[in-house]
Amino acid sequence: WLSVRDAPLLSLVRAWQSRSLSAQGAARQKALLAFDQKWAKAFAARASWRCARAVVAQTLLPHLHAGGWTGGRVVSVMLTRWPIRLLEQRLDEAAAQHPQSRTLADFRADKALADAEWAALEEARELVTCHARLAEIWPEKTTLLPWRIPNRRSIAAQNAEQPLVVFPASGLARKGAIEMRDAMRSLQLPLRVAGKSQLEGDGDFW
C-alpha cells in the first residue's frame, strides 16, 4: 500500500519564522539548520518502522543519521550541495583570498553535524546528483542525472535582443559573486543578478 504523510503545520511555522530572519548571516544559517533538524524529526516520526529503503534529502541526512534513523536501512541520498566538510574548506580558502568579504567567514556549522553528514554519506548505498563535480566525490556509487537542455533556437527566438549574462544567485561572495564580477569586467554584456544583488555591504560592489 502507499500513503502520503506530510507536516503542514510545521511547514507554516517554518514559512512564518523564515520571514523574520535576515537575508543572510550566521543567525539565518543557524535557524535553517534548526529547521532541518525539526523536519528530520517530524519525518522520522511519520515513517513506518517497516520502511527498509529510504530516499533522503541531503539537508535532513545528518540529523537522521545522528538520531539513528538510517541504521539498518538502505539509504539513497539526493546530493544537492557540497558536503559541509568540503564546503567549509572551500569557504576558508575563499575567505583567505577575499578578507574584505562579510559573508565568506560569517558562519561555520558544528563539527559534530559535519561529521554526521560525512559518515552518513559514506554509509549511503547510493548518491544521486545532477552536479558533475559532486559526482566525483564518490564516483563508484553516484548516479549523475543528465541535464535537460532547452531548445536553443526557441530561446534565441524569444530573446532576440542583446545577449545577457544571468548570475543565478544572490550577490554573495560565497556564491561566487566576486569571481563573476571580475569575469564581467572583460565582457561587454549586461548582467542580471537573479537574487538580491547587494548583500556584501558594499553599495558599489558591482
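This is a predicted model: local features need pLDDT of at least 70, side-chain atom pairs count only at pLDDT 80 or more; totals for chains, interfaces and linings use all residues.
Residues are numbered from 1 along each chain as its sequence is written, and side-chain values use heavy atoms, without hydrogens or water.

View 1. Helices (H or I, at least four residues) and strands (E, at least two) are DSSP runs, numbered from the N terminus. Along the sequence they run α-α-β-α-β-α-α-β-α-β-α-β-α-β. The C-alpha trace spans about 60 × 40 × 35 Å along its principal axes. Of the 206 residues, 34% are buried.

**View 2. Val55, Met78 and Leu145 form a nonpolar surface patch.** The patch covers about 250 Å² (Shrake-Rupley, 1.4 Å probe). Its members have over 30% relative accessible area, no salt bridge, and nonpolar side chains joined within 5 Å; a salt bridge puts a Lys or Arg side-chain nitrogen within 4 Å of an Asp or Glu carboxyl oxygen. Met78 belongs to strand β2, residues 74-78. Val55 and Leu145 complete the trio.

**View 3. The largest pocket holds about 1,000 Å³ of space.** Arg81, Leu87, Leu91, Arg174 and Lys175 are the closest to its centre among 30 lining residues. A pocket is an open set of 1 Å grid points that fit a 1.4 Å probe, with protein on both sides within 12 Å along at least five of seven lines; lining residues have an atom within 4 Å of a point. Its volume is the space filled by probe spheres on the points. Helices α2 (26-46) and α4 (84-97) each supply at least two lining residues. Helix α4 gives the most, with eight. By class, the lining has 12 nonpolar, seven polar and 11 charged residues. Ala, Val, Leu, Ile, Met, Phe, Trp, Tyr, Cys and Pro count as nonpolar, Asp, Glu, Lys and Arg as charged, the others as polar.

**View 4. The second largest pocket holds about 400 Å³ of space.** It is lined by 17 residues. Phe43, Ala47, Ser48, Cys51 and Trp69 lie nearest its centre. Helix α2 and strand β1 (53-57) each give two or more residues to this lining. The lining has 13 nonpolar, two polar and two charged residues.

Methods
Patches are made of residues with over 30% relative accessible area and no salt bridge: like charges are joined within 9 Å, nonpolar side chains (Val, Leu, Ile, Met, Phe, Trp, Tyr) within 5 Å. Buried means under 20% relative accessible area, exposed over 50%, partly exposed in between (1.4 Å probe, protein chains only).
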